[in-house]
Amino acid sequence: MTRVISLLSFRRGTGKTHIAASLAAALAARGFRVGLVDADIQSPSLHIVLGISPDSAPGFLNDYLTGDIPGLYAAVLEITEQADISPPGRLYAVISDPGTSTIAKAFETDLKMEQLSRGFLDLSSILHLDYIIADTHSGMNQESLRSLAVSDTALLVLQLDRQHYEGTALLVDMVRELNVSQTYLIINGIPFGQDPHRVRDEAENAFKAEVIGMLPHSNELLEMSSGGIFVNRFPDHPLTVIFNLMAERLAD
Ligand SMILES: Nc1ncnc2c1ncn2[C@@H]1O[C@H](COP(=O)(O)OP(=O)(O)OP(=O)(O)O)[C@@H](O)[C@H]1O
Ligand SMILES: [Mg+2]
């Protein structure tokens, strides 16, 4: 059985894409077969983090949603070697089209997101995946809700401020309405000097969900805006330890 994990956040720029890439690599490094899907068709960026040139992709999620390719598997690029994953782990990516004309048509493809569920099924049966990790567009929109609707696990990424807290409360309600079986919180960019126990307790009390990871602000991660999978680039960094613990908790 493939487990579908979606990363969501109410606000933009919470770190979803970097977290998705590092969690996928950490799971693949543990011997799992992982598919990483950029379900953020309005502002695709997974290809940048993974260092994939759009020209090298055999297709895009958009092509599948518009019916231009027969299945999502036809858009898959294997990045196991490039991400330095050893067997039996495997890492595959499906990216969204970053071309401006396609993004302009995002609303059209957005409406076809209901096909996502069939696409994920195809992908998991053809590639024998243990996990599909979907990176979504921030806020509540067709893309995030469709992805959530086919997910077993929701990872809600937030930062420590009131706007994030209020928005995350809306996402938590949505996740419960859609009967997603597991909801975890990831608190990212925690400023230096915060008491981690207090941060965890406050979030768990506020949202009645487990905090699976607390990532401090890191200059190394900030500087990776031009691309790269954090856990690969910084294997001995304290943040990598947290990513690995999160992957182990997800694999429980
Ligand atoms: N813990 C952190 N410390 C410092 N910088 C971080 C941290 N996490 C993420 N960033 C930086 O924040 C920026 C946004 O990260 P990312 O693109 O992963 O977020 P996102 O939630 O996917 O954004 P979007 O909503 O635009 O899709 C990047 O420049 C990244 O390097
Ligand atoms: Mg993103």
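User: Let's start inside the sheet. How many bridges join β2 to β4, and do they run parallel or antiparallel?

Analyst: Keep in mind that this is a predicted model. To read a pairing, look at the bridges between two strands and at their directions. Here β2 and β4 are joined by five bridges and run parallel. One place to look is Arg33, whose bridge partner in β4 is Arg90.

User: Which way does β3 run relative to β4, parallel or antiparallel?

Analyst: Antiparallel, with two bridges between them. You can find this pairing at Leu77, whose bridge partner in β4 is Ala93.

User: And what joins β2 to β5?

Analyst: Six bridges, between residues 33-39 of β2 and residues 131-136 of β5, and these strands run parallel. Ala39 stands opposite Thr136 in β5.

User: What is the order of strands in the whole sheet?

Analyst: Walk across from neighbour to neighbour, not along the sequence. You get β3-β4-β2-β5-β1-β6-β7-β8, an open sheet of eight strands with mixed pairing. The edges are β3 (77-78) and β8 (210-216); each has a single partner strand, so one side of each is left without a neighbour in the sheet. Helix α12, residues 238-251, packs on the sheet and touches β1 and β8, and its direction makes about 165° with that of β8.

User: Back to β4. Are its residues buried or exposed?

Analyst: For burial, check each residue, then check which way it points. In β4 (residues 90-94), five of the five residues are buried. Arg90, Tyr92 and Val94 point one way, while Leu91 and Ala93 point the other way.

User: Now the ligand. Which residues are closest to ligand 1?

Analyst: List the shell, then ask which elements supply it. There are 21 residues around ligand 1, and the closest are Gly15, Lys16, Thr17, Leu222 and Ser225. At least two shell residues come from each of α1 (16-29), β7 (182-190) and α10 (219-222). Helix α1 gives the most, with three residues.

User: How many of the shell residues are nonpolar, polar or charged?

Analyst: Four are nonpolar, 14 are polar and three are charged.

User: Last one: what does the chain look like overall?

Analyst: Start with the element count, then compare the radius of gyration with a reference. The chain has twelve helices and eight strands. A compact globule of 252 residues would have a radius of gyration near 18 Å, and this chain has 17 Å, which agrees. Its C-alpha trace spans about 50 × 40 × 35 Å along the principal axes, and 46% of the 252 residues count as buried. As for contacts between residues at least 6 apart in sequence, 76% join residues at least 24 apart.

Notes
Residues are numbered from 1 along each chain as its sequence is written. Chains are lettered from A and ligands numbered from 1 in the order in which they are written. This is a predicted model: local features need pLDDT of at least 70, side-chain atom pairs count only at pLDDT 80 or more; totals for chains, interfaces and linings use all residues. Two strands pair if DSSP finds at least two bridges between them. Helices (H or I, at least four residues) and strands (E, at least two) are DSSP runs, numbered from the N terminus. Two residues are in contact if their C-beta atoms, placed from the backbone, lie within 7 Å. Axes are lines fitted to C-alpha atoms, for helices over the stretch in contact, and angles run from 0 to 180 degrees between N-to-C directions. A residue is near a molecule or strand if its C-beta atom, placed from the backbone, lies within 6 Å of it. Ala, Val, Leu, Ile, Met, Phe, Trp, Tyr, Cys and Pro count as nonpolar, Asp, Glu, Lys and Arg as charged, and the others, Gly among them, as polar. A residue is buried if 20 or more other C-beta atoms lie within 10 Å of its own, exposed if 12 or fewer, and partly exposed in between; C-beta atoms are placed from the backbone. The radius of gyration is taken over C-alpha atoms; the globule rule is 2.2 Å times the number of residues to the power 0.38.
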